[in-house]
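Student: I have a structure open and would like to learn how to read its features. Could you take me through them one at a time?

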Amino acid sequence: MASIFTKIINREIPADIVYEDDLIIAFRDIAPAAKVHILFVPKKEIPTINDIQKEDEALIGYIYSMIAKQAKELGLAEKGYRVVSNCNEYGGQTVFHIHFHLLGGEPLGTMV
């Protein structure tokens, strides 16, 4: 069964898309945990961090570079931001299509 992110990529579900190219899509989270909360999702379905293969390493690096680019464009880079990716049930992952949360625009406090 396709994840909610695959459905967004395929335009089966609407999303507030802020960036898209052949490799990734980025959209605003529907339940933001910060003033700015954007999800970065590879178009290739990779269920968890544990499933990243050697051939995916360039894609993951590319995602991080696009997160940094968006953070700069949104004015988050100077004061700071957080990038979060959860892995499996105990790590808080609820959608099993790897994704990265860009959070910022306000003080975020400590993680744990």
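Tutor: Gladly! Helices (H or I, at least four residues) and strands (E, at least two) are DSSP runs, numbered from the N terminus. Here the order along the sequence is α-β-β-β-α-β-β, made up of 2 helices and 5 strands. Please keep in mind that this is a predicted model, where local features need pLDDT of at least 70, side-chain atom pairs count only at pLDDT 80 or more, and totals for chains, interfaces and linings use all residues. Residues are numbered from 1 along each chain as its sequence is written, and side-chain values use heavy atoms, leaving out hydrogens and water.

Student: What share of the 112 residues counts as buried?

Tutor: Buried means under 20% relative accessible area, exposed over 50%, and partly exposed in between, with a 1.4 Å probe and protein chains only. In this protein 38% of the residues are buried.

Student: Which residues of the largest nonpolar core touch the most other members?

Tutor: A nonpolar core is a set of buried Ala, Val, Leu, Ile, Met, Phe, Trp, Tyr and Cys residues joined through side-chain atoms within 4.5 Å. The largest one has 17 residues, and those touching the most other members are Ile 24, Ile 38, Phe 40, Ile 63, Ile 67, Phe 100 and Leu 102. At least two residues come from each of β2 (24–28), β3 (36–42), α2 (57–73) and β5 (100–104). The biggest contribution, 6 residues, is from α2. Another core lies apart from it, with 8 residues that include Phe 5, Ile 25, Leu 39 and Val 41.

Student: Is Ile 8 buried or exposed, and what does Ile 8 contact beyond its neighbours within four places in sequence?

Tutor: Ile 8 belongs to helix α1 (residues 4–9), and its 6% relative accessibility makes it buried. Contact means heavy atoms within 4.5 Å. With those neighbours set aside, Ile 8 contacts Ile 13, Ala 15, Ile 25 and Phe 27. Ile 25 is 17 residues from Ile 8 along the chain, with 8.9 Å between their C-alpha atoms.

Student: And how would I read contacts over the whole protein?

Tutor: Take the contacts between residues at least 6 apart in sequence: 53% of them join residues at least 24 apart.

Student: Where is Leu 108 found, and what does Leu 108 touch?

Tutor: Leu 108 is in the segment after β5 and is partly exposed at 28% relative accessibility. Not counting residues up to four places away in sequence, Leu 108 touches Ala 34, Arg 82 and Leu 103.
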